[in-house]
Amino acid sequence: MKKNKKIWYVGYMISLLLILIILFTDFSKMVDIGLAILFSAVFGISHVQILHNKMMKNDADYKISVMDERNILIKEKAGNVTNMVNTVLLGLATVIFICLDYVIPAIITGTIITVQPIILITISTMLEKKM
């Protein structure tokens, strides 16, 4: 199973494009802040993925550490616990938004809570079919 690892370099181009948009357009300060946050996320994810792929290719100790069954199990359990905690926090945020009569944020967080189990079931089904 060969994966296309060069796709992450597109993130660098998107990051550059976002910086150019911030510098050469006359958007409001809030839009510029949003674009800066988006730049940080895209650049950070791309850079980490490229660095990870290079280390997996060149550093045998790193590859062994990443592919260790114990570490994989720990990451899976941590991801499951994080998902449950995140769902609870979103539920609390939804209740708080309803109490404060913030309808739109309550609808958004409620929708996220509703969609999370559907995504979980879909991804679990896809992974079961692959294994």
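Me: Is Asp-101 buried or exposed?
Reply: Asp-101 is exposed, with a relative accessible area of 61%. Please keep in mind that this is a predicted model.

Me: Where does Asp-101 sit?
Reply: Asp-101 is placed in the loop between helix 4 and helix 5.

Me: What is the phi of Asp-101?
Reply: Phi of Asp-101 is near 65°. That is a positive value in a residue other than glycine.

Me: Let us move to helix 4. Which residues does it span?
Reply: Helix 4 covers residues 69-99, and Thr-94 lies in it.

Me: Is Thr-94 buried or exposed, and why?
Reply: Thr-94 has a relative accessible area of 11%. Buried means under 20%, so Thr-94 counts as buried.

Me: What is Thr-94 in contact with, leaving aside neighbours within four places in sequence?
Reply: With those neighbours left aside, Thr-94 is in contact with Ala-106, Thr-109, Gly-110 and Ile-113.

Me: And Ile-96, where is that found?
Reply: Ile-96 is found in helix 4 as well. Its relative accessible area is 49%, and Ile-96 is partly exposed.

Me: Which surface patch includes Ile-96?
Reply: Ile-96 belongs to a nonpolar surface patch of about 880 Å².

Me: What about Ile-108?
Reply: Ile-108 lies in helix 5, which consists of residues 103-130. With a relative accessible area of 48%, Ile-108 is partly exposed.

Me: How far is Ile-108 from Lys-129?
Reply: Between Ile-108 and Lys-129 the C-alpha to C-alpha distance is 32 Å, and they are 21 residues apart in sequence.

Me: Changing topic to charge: which residues form the positive surface patch?
Reply: Lys-5, Lys-6, Lys-57 and Lys-63 form a positive surface patch.

Me: Where is Lys-57, then?
Reply: Lys-57 has its place in helix 2, residues 29-58.

Me: Why does Lys-57 count as exposed?
Reply: Lys-57 counts as exposed because its relative accessibility is 72%, and exposed means over 50%.

Me: How far apart are the C-alpha atoms of Lys-57 and Ile-72?
Reply: The C-alpha atoms of Lys-57 and Ile-72 are separated by 18 Å. Along the chain, these two residues are 15 residues apart.

Me: Ile-72 makes me think of Val-66. What does Val-66 touch, not counting residues up to four places away in sequence?
Reply: On that count, Val-66 touches His-52, Met-56, Ile-72 and Lys-75.

Me: Is Val-66 buried or exposed, and in which helix?
Reply: Val-66 is buried, with a relative accessible area of 16%. The residue is found in helix 3, residues 60-67.

Me: How far is Val-66 from Gly-11?
Reply: The C-alpha atoms of Val-66 and Gly-11 are separated by 23 Å, and the residues are 55 residues apart along the chain.

Me: Buried or exposed, in the case of Ser-15?
Reply: Ser-15 counts as buried, at 2% relative accessibility.

Me: And what does Ser-15 touch, not counting residues up to four places away in sequence?
Reply: With those excluded, Ser-15 touches Phe-39, Val-42 and Phe-43.

Note on methods: Residues numbered from 1 in each chain as written. Predicted model: local features only at pLDDT ≥ 70, side-chain atom pairs only at ≥ 80, totals over all residues. Heavy atoms only, no water. Patch = residues over 30% accessible without salt bridge, like charges linked within 9 Å, V, L, I, M, F, W, Y side chains within 5 Å. Areas by Shrake-Rupley, 256 points an atom, 1.4 Å probe, with all protein chains shown as cover. Salt bridge = Lys/Arg side-chain N within 4 Å of Asp/Glu carboxyl O. Lys, Arg positive; Asp, Glu negative; His and termini not counted. Charge placed at Lys NZ, Arg CZ, Asp CG, Glu CD. Helix = DSSP H or I, 4+ residues; strand = E, 2+ residues; numbered from the N terminus. Buried < 20%, exposed > 50% of the residue type's maximum accessible area, 1.4 Å probe, protein only. Contact = heavy atoms within 4.5 Å.
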